[in-house]
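Here is a friendly walk through some strands, helices and a chain contact. Please have the sequence and the 3D view open as you read.

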Amino acid sequence: MNLAVLLTMAADALGDRGAISGGGHHLSYRDLRDAAADFATTLPVEASAVVYAGPITAATPIALFGAAWAGCSFAPLNYRLPQDALIPLATALAPAQVVAAADRFESLAEALPSGRLDEDLLIAPCAVPTNDPVEAPSRPAVLLYTSGTSAAPKVAALGHDNLLSYIWNTVELAAAGEEEAALVAVPSFHIAGIAALLSNVYAGRRIVPMASFSAERWLRSARDEKITHAFLVPTMLARIVECAQAHPELERPDLRVLSYGGARMPLPVLEAALQLFPMTSFVNAYGLTETSSTVALLSPEDHRRARDGDDVARRRLGSVGRAIPGIEIEVVDDAGVALAHESEGRLRIRGSQVGGTYLDGTAALGDDGWLLTGDRGRIDPDGYVWVLGREDDVVIRGGENITPAEIEDALLRHPDIAQSAVVGLPDVQWGEQIAAAVVLRGGRALSAHEVRAHVQATIGTFKTPTTVAFVTELPMTPSGKVLRRVVRERLLAQVIGEADRR
Amino acid sequence: MTNLLGKRYTCDECDAQLMVVKAGDGTLTCHGQPMGEVAAKQLPSSD
């Protein structure tokens, strides 16, 4: 079955309802279907993929569904990368049709001569299609570069069946009311951006794309566009909370549902957000690129109980909730043996929405269909899943496994600390030592000794960083994940530099 | 009998599931029995 069936169903069910509005364009579900079908007819026969290099706009769902319609893979790239980084990512996907923002397509078209298209050309009135979506597409529906926070990025291949299975297990056709609107601020090269386009189209919720995020713009758009639903990565929510606190005169949008995911949410940020949006339902979504977005979620009910002061629910704010229908989640040891509740180990996931391969041909799944996530975690007796961090990020100090998350949360509880990243550095005595990169709030000053004293008082000496470095910003992926391997390299260089000067 | 767009049907006998992607008339049968409609899921929007 072709992924584009989600759009043909929505067009059959909803017709003239507004599907997307942004940049002065307003497309109904029927317009969107017609434009996607038309785009499909323009794709060169030799193209196996549509490389998309631009912000999320009204053109994005046209290219996504249009590529699927023609049986080509939709391959969105991080268009903000410098040209010399972007071009090899694009050429790895040849032969492909390029769809790019105006300032990007010259150089990309040179690298990929099979075709190029300014995204504005996609959004033009089209006749009712005479072509049907390709019936049994053989290529993947979506190709996505993984985040690559701890290793080189890979291209995950998601099949039409994977993505359809995710949508059909989690969303009802046309379930959204006519007044509902979703502000989509995550880029299309993030799985959450793809999932937002697919699920909002299928639910019948008008999409308002936000090409470039700022907290103030987001708050204004949410108010002006009467946004009811939004998804945010933690760094975005942190900035919105900060902006709303600094500008109490800015009206707070009357959101119904705010979902978040993509990286670990610091508890202090979440607690502030719950206070700031008292009428809003919160949803924490956990998923990977390889799992077609969400596999577990912490529900609005869980958040509500925590906001009301329920102790168990408050603790569970640190979890990612429970597996969604059609998904199994287990914790296993290094030998792959399933562990009992509350035991810490490697998280693995199985279900029909989980993509099975990478573009280089390597398999993502074991023989038994399980995907090892690379995350460490545990599951409580009620099925709540706790993600403790990437396996590669665990600091092993004196034989003890320490996950950076707990130390980062402790650091963030200091009123002068805005952001932090904790990594392990080689240490002669302990095997590894704990090192923290800290970003202070504007105008504040702290000494390394004061930072260490704060952590020591909060979670104890054993988990107190040996090295504290003050930095102006943390290196991050566009989805708000800290690039720990870069933090580690920089801190290591600094520690070695200091040792040399002694 | 009209089959409703976006509705799921299932067979009591073999658990086969079916999604209606194009509305149409007729009766969906499996193992010689009309298939039953599966109730809609209520999952909060997560993206």
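Helices (H or I, at least four residues) and strands (E, at least two) are DSSP runs, numbered from the N terminus. A:Arg348 is also the bridge partner of A:Glu330. The table gives the two pairings of strand 17; two strands pair if DSSP finds at least two bridges between them.

| Strands of chain A | Sense | Bridges |
|---|---|---|
| Strand 16 (residues 328–332) and strand 17 | antiparallel | five bridges |
| Strand 17 and strand 19 (residues 371–379) | antiparallel | four bridges |

Strand 17 (residues 345–350) of chain A is largely enclosed by the rest of the structure, because five of its six residues are buried. Here, buried means that 20 or more other C-beta atoms, placed from the backbone, lie within 10 Å of the residue's own.

A word on the model: it is predicted, so local features need pLDDT of at least 70 and side-chain atom pairs count only at pLDDT 80 or more, while totals for chains, interfaces and linings use all residues. Residues are numbered from 1 along each chain as its sequence is written, and chains are lettered from A and ligands numbered from 1 in the order in which they are written.

Strand 24 (residues 431–440) and strand 25 of chain A are joined by four bridges in the parallel sense, and A:Ala437 has A:Ala469 of strand 25 as its bridge partner.

Now to a helix pair. Helix 2 (residues 29–42) and helix 3 (residues 59–70) of chain A pack at about 55°, with their axes 7 Å apart; axes are lines fitted to C-alpha atoms over the stretch in contact, and angles run from 0 to 180 degrees between N-to-C directions. The contact includes A:Leu32 and A:Phe39 of helix 2 and A:Phe65 and A:Trp69 of helix 3.

Finally, the two chains meet: twelve residues of chain B are in contact with 27 residues of chain A, contact meaning C-beta atoms, placed from the backbone, within 7 Å.

Definitions and conventions. A residue is buried if 20 or more other C-beta atoms lie within 10 Å of its own, exposed if 12 or fewer, and partly exposed in between; C-beta atoms are placed from the backbone.
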